[in-house]
Amino acid sequence: MMAAIPMSSQASSHREAPGITERPKVDGTDFYMFRSYEAGRENFVTFIANYIPLQAPYGGPNYFTMDPDAIYEIHIDNNGDAVEDMTFQFDFDNNLVNGTGVTLNIGDKTNAIPLRYAGPIDSVADANQGELESYTITLRSADRRTGASQSITGASGATFAKPIDYVGTKTLPDYEAYANQFIYDVTIPGCATQGRVFVGQRAEAFAVNLGEVFDLVNLVPLEGSIENTRANDDLIGEANVTSIAMEVPIDCVTGSGNGVIGAWTTASLPQAGLNDPLPNYEQTTQYGGAFVQVSRLSAPLVNEIVIGLPDKDLFNAAEPTLDGALADYVTHPTFPALIDILFRDALGADSNIAPSNLPRTDLVAAFLTGLEGFNQQSTVTPSEMMRLNTAIPATPRDQQSSFGVVAEDLAGFPNGRRPGDDVVDIELRVAMGALCHPVPLGAELGVAGAVEDTDSDLINLGFCTPDQAPVGNQPFIDGAPISASELQNAFPYLNTPLPGAGGDETQ
């Protein structure tokens, strides 16, 4: 059931490896994959890949454009071999209107203004906007670099516009209406039904006590603790992020497999770059060579909390087929041992509270294989991917549980991931051995190896026993809750971004 759960803290991948801290434009932060729950869209899967972490709403004057030298990708494996069967590639471009942007006549000179805009903006090609950001989408079949490629098109062709970031309410008086103009119906080769795409700034949906978590978990991570209540400060919720959102018909992504798909997102840059000593708007660096993957993300917080410091950049560069080389971080994880060091006394324990079922087969299922009979693919190749059983119907937004599968909401994390799933709390509990204790899924899952209590709905999944996880039944939390009701009920699901000025300071 917890088949796709990464093991430790479940947060976004913000600045998760030393190398990616130097390239924020290609830093993947979160990846969502779920059956669409907007009314009338139940036959679609939504993918949302977020990039450029911790965007201050007031971060002008150039704000947060995507990298035109990079390729951003969403990969889908529909047969379980951990190799992409289809890839959506996004390639961005920035251009100045008329080659200069907005200009003003100053005496006998005509000079470009220093800003991207010169007045209020309310439409896709507003005359007040001097810099335009656009993108194309390519569908690659099989190998991401050598497979056959076809353009994804909209009503106006193969080029799509990206909205300017939410500068503030004076520049963008109605940002939601403005941004909705950038939701496009798209024709995807091989799909009988059109999909949809949106790329633009959104409010950060991931909730975590970011400062406290990385300050040696500077709170007692249990529900109801005074220290946790005082630390309830979701600073990351005060930031924006850039989303690549695609809605695709289910029958276009499942292929010939069993209906379970695996997916991940990456960003790649050319292998070589030389700083240009005479830079201009079009070029500050000269790039060449093959594309090299520099960012990778599927399940949340894997690289932050699971992968050891020496191998974080390697994980970002690796494809799922290579994950066996890093499997020791899953089978013999260090994060539960850190929790034991920090909180054994605070939790009133006399001995080690880290789960003792080594190797951690519960985490192998969560991280690398999926759970048999639930979200395991027809071919099982151990690899770190987000897995989604597309046959499980979407749960309407107002009926969703933030705790997903463990709360008997089978359409939630780790069966894919929805924006309202509280992945941090789920992963904390799983890391500390929640899957060694009975879970209330006897009526829902017929899982091989599970032991069912005939007097209740509880089953033990067969990975381990309660005595091997002494605190696995404790309500671990980080103190930053999230729920689907706080988010939009329609594509692209994430909320309107926070404005740089003029907004509600309490939102």
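Analyst: Happy to! This is a predicted model. To start, an open sheet has five strands in the order 1-2-12-11-10, paired antiparallel.

User: What makes strand 1 and strand 10 edge strands?

Analyst: Strand 1 (28-35) and strand 10 (184-186) each pair on one side only. Inside the sheet, strand 2 (residues 44-55) and strand 12 (residues 240-249) run antiparallel and are joined by nine bridges. Pairing requires at least two bridges, so this pair qualifies. I48 stands opposite A245 in strand 12.

User: How do you know that E73 and R145 form a salt bridge?

Analyst: Their closest N and O atoms are 2.7 Å apart, and the cut-off is within 4 Å, so the pair counts as a salt bridge. E73 lies in strand 3 (residues 71-77) and R145 in the loop between strand 7 (131-141) and strand 8 (149-152), so the bridge ties together parts 72 residues apart in sequence.

User: What makes D362 and R360 a buried salt bridge pair?

Analyst: Their side chains meet at 3.0 Å, N to O. D362 has a relative accessible area of 0% and R360 has 1% relative accessibility. Both values are under 20%, so both residues are buried.

Notes:
Residues are numbered from 1 along each chain as its sequence is written. This is a predicted model: local features need pLDDT of at least 70, side-chain atom pairs count only at pLDDT 80 or more; totals for chains, interfaces and linings use all residues. Side-chain values use heavy atoms; hydrogens and water are left out. Helices (H or I, at least four residues) and strands (E, at least two) are DSSP runs, numbered from the N terminus. Buried means under 20% relative accessible area, exposed over 50%, partly exposed in between (1.4 Å probe, protein chains only).
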